[in-house]
Amino acid sequence: MNRDWLPIKTTPWTLGLILLALLLLIQATELPQRLDYWLYDQAITSNPLKASDEVVLVTIDELSLNRLGRWPWSRNLHAELIGKLERAGAKTIVFDILFAEPSPDDQQLAEQMRSHGNVILPVYLSPPTSQYLLSEQLPVGKLAVAAASLGHAHVELDSDGVARGLYLFNGLGQQLWPSLALAATGAGPKVSESEDPPSYVNVRDQYRAVPLIGGAGSLQAYSFAEVLTQPPAPERFSGKTVFVGATAAGFGDILPTPFSGLSRPMSGVEFHANVFSAQARDLLIRPAPKWASALLAVTTILLLALSLPPMRPARTLMACATALVALAGVYLFMLLAMRWWVPLANALLVPLLAFPVSSGLRLAMTNRFLNRQLDDLARSPQVALPAPSGRNPTQLLEHFQALFRPTGWLLTEENEILSARHLSQEDIPDDLTPGHWFHDSNRSWIQLLRGGTRYHLGMVLPNDLGREAIQRYLRRLQLEQTAPTDHAARPSENISARIERVRVATDRLNHMQQFIRRSFERMPDGIIVTDELGVIRFANGHIEEWFGEPMPSLGGLPLVRLLEGHDPRETPPWYETVSDTLTLQQSRTVDLRIRTKDFLIHFAPFSLPDSDQQGIIANISDISELREQQRQHREAIDFISHDVRSPLVSQLALIEQLKRDPSHIEQSQLEQLGRLARRSYHLAEEFVQLARAEQLTETRFYECEFLAIVENARDSVSEQAVEKQIQLQLQGTEDLWLKGNAELLERAVINLLTNAVQYSPEGSTVSIQVFRAGHQACLSIADEGTGIDSEELPHLFDRYRRQKSTELAGVHGTGLGLSFVKTVVEKHRGEISVSSTPGEGSSFTLKLPIADPMA
């Protein structure tokens, strides 16, 4: 089933729309707001303001309550405090204490407030009870009139219950009261900008976030009782704004702030003092318009949607990290320098979402691409050789018959004969091991198990030299079915299944590449593949061997330069042949000669499917052996037409002469006729022996003893040596066993001894030595003849080559004897050498590998 039905691509549109949709979904949660608060708290607490020298607190703390008694206190105490502060030079006195109920001492307090002239009293907005609507709680009339200004004492708590700021103006209906801190600066009430709001509606205006100095106790504070009992202290209060309020535990309002953490919260009066400290230096923070956060988020989405799709994955991560840092920098600059609080959460979430979304889109595209490629690979043919262990026994017998041509066979299924010839069930050996061959002389047997059924297969192989090789080959065949391996359970996870499919496909590709590479390397011909400019891009091992060029230097080398460097020619030039193959798209076949070897190079143009790329496949075949055979064929024709025909013509002429006068047949004529016939016979015999030597293969080798071969050859030549009174001296007593053909080896030694006797003077000695040198059996034959000229030594073993000196001396030969010797030696993987001095004699040395079982 194809699950890649969703056409998703990593484009600016898809990435941008997905990010926007995710961001809109996140708005339904508290995450953006929580993140904004956290960012603000971290920025404020990391950069606290310094306390203003113009602000000081007079606190109603535990010490004051202990000394002055339980709350509420007499208004005279507050009047006395104002008097003390006035004499100390306090500029402004701000009370965070609500004097809502009348008291007998109100007149004294009011007069003291008028005496100071700048005392601020609070206004509270709250319902009298839960049964009433919201109303303004003002100080009693006398005190309200005597106050320089009234200010609201309300601090705004955010949704997480933390106090970070307040509204500068707050009230019911049209009249808005300034905050205590703002009233302390001389600001008065203002009229609401809303159109005729009801009198019971709480109206707020100009929210400001407060950059606090620190946690509770950060501002300079003095106990209410200490100020009353001590003389006025101008050094503490002169020219300052004094905030008076409760800080005792369980008494007064308690506000959690960003600095609270695990420490105690901040009192309301201390918070208002912080507001005044920031307000006096114009450091209150304004919230940015709501559209600013949306604009920043949309801008970030646009930038990332346009920049991420063409980037690499590593750069995508870097781009998202850079966006995070840039947004944080802009946020801190606006907050700390410009005093604007721009909610950053939405914009900050965009890079955090962009990287996984972009990576997910890339993975989706990669997954779809891999699925298509995997499906294509699954439909492509496999390059694999089926194991013989999976074949039916009947099919196996059919293949063995076609391959080995057995003279008899037997195939049984349990006790039923399926096929038989010259073998019966009684011939089946006992105790056959399944899957293992049993060889008895030229009979080979195997027992096979297929699906719980037992089969017996037997063959009678040809009883020749190739039988042992066939039986060794049968032992290497794996015909028994192996137990199936326990495959791991198919992964249920989608990505694991894809990885498994990729692994299987990769194994198939690697197997195919290895199969193709090995096929190219094992080809009998050299292969060169070029690109469209004739530059070599691939070459197999034959090219490296034949041209003598290392494989690294072949890659990137122009084919024309390689050919010109090893076989320069003018007609036709190599560049013309290669260029015509590419431009005309026509095949070419040209002869090539490298060193002493002949080759045939075939140029074939090709073009890759679904591509404009073209190139050349050059197939180079080694035809040196074919050319040598052609040369030998021509030489054989010349030999037959001259050397063989001449004696026959002479015989026919002599016979015709005898027929004309049969009554006068002389003995000399008969002897001449016999010599001619023997010469014709020897020519034919040597020709036949050379042909046999050339067709010799190792399948006709067997173990033979070299010293015995030499002794037999000596005995065959002894009669010829006796006629010339030449002594054959054989030295050697060690048995040297060889793997070879004794008949042809003996014939080769006879040829060497015959030549030695033929070219040696009468009464001389031919020395024969048989000895062992390492893992080689050596034969040395030295004569005392005329020797061989140095210019003739290189061509001594060529076919039909006869020495000029011996021909002039009247010693006639065929020129095949030494060629036969060299052929036999080479077929036995040996070597032959000759050393000769004209007038002193020649020495032939033969070396053959030993096949000694004890070695």
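This is a predicted model: local features need pLDDT of at least 70, side-chain atom pairs count only at pLDDT 80 or more; totals for chains, interfaces and linings use all residues.
Residues count as buried under 20% relative accessible area, as exposed over 50%, and as partly exposed in between. D427, with a relative accessible area of 26%, is therefore partly exposed.

D427 forms a salt bridge with R443, with 3.7 Å between the closest N and O atoms. D427 lies in the loop between strand 18 (416–421) and strand 19 (438–440), and R443 lies in strand 20 (residues 443–450), so the pair ties together parts 16 residues apart in sequence.

Residues count as buried under 20% relative accessible area, as exposed over 50%, and as partly exposed in between. D427, with a relative accessible area of 26%, is therefore partly exposed.

D427 forms a salt bridge with R443, with 3.7 Å between the closest N and O atoms. D427 lies in the loop between strand 18 (416–421) and strand 19 (438–440), and R443 lies in strand 20 (residues 443–450), so the pair ties together parts that are 16 residues apart in sequence.

The structure holds 16 salt bridges. Another of them joins K597 and D622, whose closest N and O atoms are 3.4 Å apart. K597 belongs to strand 25 (residues 597–607) and D622 to strand 26 (residues 614–622), so this pair ties together parts that are 25 residues apart in sequence. K597 is partly exposed, with a relative accessible area of 34%. D622 is partly exposed at 32%. Salt bridges that share partners also join D41, D158, D160 and R164 into one network. Within it, the side chains of D158 and R164 meet at 2.8 Å, N to O. D158 is buried, at 14% relative accessibility. R164 is buried as well, at 2%.

Elsewhere, the charged end of K190 sits over the ring of F169, 4.9 Å from its centre.

The count of aromatic pairs comes to 13. Y167 and Y207 form one that is edge-to-face, with 5.2 Å centre to centre and 65° between the planes. The pair links distant parts of the chain: Y167 is in strand 7 (residues 163–172) and Y207 in strand 10 (residues 202–209), 40 residues apart. Y207 is buried, with a relative accessible area of 13%. Y222 and F237 form an edge-to-face pair, at 5.4 Å centre to centre and 65° between the planes. Y222 lies in strand 11 (residues 221–223) and F237 in helix 9 (residues 234–237), so the pair ties together parts that are 15 residues apart in sequence. Both Y222 and F237 are buried. F400, F404, W437 and Y473 form one aromatic cluster.

Helix 10 (residues 268–280) has 13 residues. From first C-alpha to last, helix 10 reaches 18 Å, close to the 18 Å expected at 1.5 Å a residue. Helix 10 is mostly covered, with eleven of its 13 residues buried. Among them are F271, H272, N274 and F276. Just after helix 10, D282 takes a positive phi of about 55°.

Q729 is placed in strand 28 (residues 727–731). Q729 counts as partly exposed, at 32% relative accessibility. Leaving aside residues up to four places away in sequence, Q729 touches T765, V766, S767 and I768. The C-alpha atoms of Q729 and I781 are separated by 9.7 Å, the two residues being 52 apart along the chain.

A search of the whole structure finds zero disulfides. C704 is buried, with a relative accessible area of 5%. C778 is buried at 2% relative accessibility.

Technical notes:
Residues are numbered from 1 along each chain as its sequence is written. Side-chain values use heavy atoms; hydrogens and water are left out. Helices (H or I, at least four residues) and strands (E, at least two) are DSSP runs, numbered from the N terminus. The expected span of a helix is 1.5 Å times one less than its number of residues. Buried means under 20% relative accessible area, exposed over 50%, partly exposed in between (1.4 Å probe, protein chains only). Rings of Phe, Tyr and Trp (its six-membered ring) pair if their centres lie within 6.5 Å; planes under 30 degrees apart count as stacked, over 60 as edge-to-face and the rest as tilted. A charge sits over a ring if NZ of Lys or CZ of Arg is within 6 Å of the ring centre and within 35 degrees of the ring normal. A disulfide is a pair of cysteine sulfur atoms within 2.5 Å. Contact means heavy atoms within 4.5 Å. A salt bridge is a side-chain nitrogen of Lys or Arg within 4 Å of a carboxyl oxygen of Asp or Glu.
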